[in-house]
Amino acid sequence: MDVHTPEQRSKNMKAIKSKDTKMEVKLAKALWCRGHRYRKNDKSVFGKPDLTFKKYKLAIFVDSEFFHGKDWETEKYRIKTNREFWWKKIEGNIQRDQVVNSTLVNKGWKILRFWSKEVRKELELCILQIEETIKDAKVHGDKRKT
């Protein structure tokens, strides 16, 4: 049983963003402050990554634990209401993420996916991983170009 009225639940769901979430903005601002320039939600890149560094063929996604199914095989049983809808939706998101990853990899892209909680709790580690990937792309750039 939902603890909210249908009107309250509808209002809550409408407030959920698909882009420019707090954690995406937090990561983007931290990268910008360190001098990194990127594109946000670039439609010309398959899957419309949250951040892209086209020069280095690097796509970055910041995924919500709920909507992208973190630890899905155990967490899915925590959903008590409207299970059929949510299971179908989240499993569809997981499959879409896999298609996006494989398509971009086949096109020579490097993909970094962070969970929202990783960005919130370990921002510096996320930035270091991005910077290491960029550094590696600069060193091996000529070999990776397609």
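Let's start with Asp63. In this predicted model, Asp63 is buried, because its relative accessible area is 6%, and buried means under 20%. Asp63 sits in strand 3, residues 58-63.

What does Asp63 meet in a salt bridge? Its partner is Arg113, at 2.8 Å from N to O. Arg113 belongs to strand 4, residues 110-115. Arg113 is partly exposed, with a relative accessible area of 25%.

Now look at Asp97. Asp97 lies in helix 4, residues 83-106. Asp97 is also buried, at 11%. Leaving aside residues up to four places away in sequence, Asp97 touches Asp63, His68 and Arg113. That brings us back to our salt-bridged pair, Arg113 and Asp63.

Next, the other salt bridges. The structure holds 10. One of them joins Lys40 and Asp20, with the closest N and O atoms 3.0 Å apart. Lys40 is in strand 1, and Asp20 is in the loop between helix 1 and helix 2. Lys40 is partly exposed at 44%. Asp20 is partly exposed at 28%.

Another joins Arg34 to Glu124, at 2.8 Å between the closest N and O atoms. Here the partners are 90 residues apart. Arg34 is in the loop between helix 2 and strand 1, while Glu124 is in helix 6. Glu131 joins Arg34 and Glu124 in a network of salt bridges.

Last, the surface. Where is the positive charge gathered? Look for a patch made of Lys26, Lys117, Arg120 and Lys121. Helix 5, residues 116-121, gives the most, with three residues. Lys117 is in helix 5, and is partly exposed at 44%.

Key:
Residues numbered from 1 in each chain as written. Predicted model: local features only at pLDDT ≥ 70, side-chain atom pairs only at ≥ 80, totals over all residues. Heavy atoms only, no water. Patch = residues over 30% accessible without salt bridge, like charges linked within 9 Å, V, L, I, M, F, W, Y side chains within 5 Å. Areas by Shrake-Rupley, 256 points an atom, 1.4 Å probe, with all protein chains shown as cover. Salt bridge = Lys/Arg side-chain N within 4 Å of Asp/Glu carboxyl O. Lys, Arg positive; Asp, Glu negative; His and termini not counted. Charge placed at Lys NZ, Arg CZ, Asp CG, Glu CD. Helix = DSSP H or I, 4+ residues; strand = E, 2+ residues; numbered from the N terminus. Buried < 20%, exposed > 50% of the residue type's maximum accessible area, 1.4 Å probe, protein only. Contact = heavy atoms within 4.5 Å.
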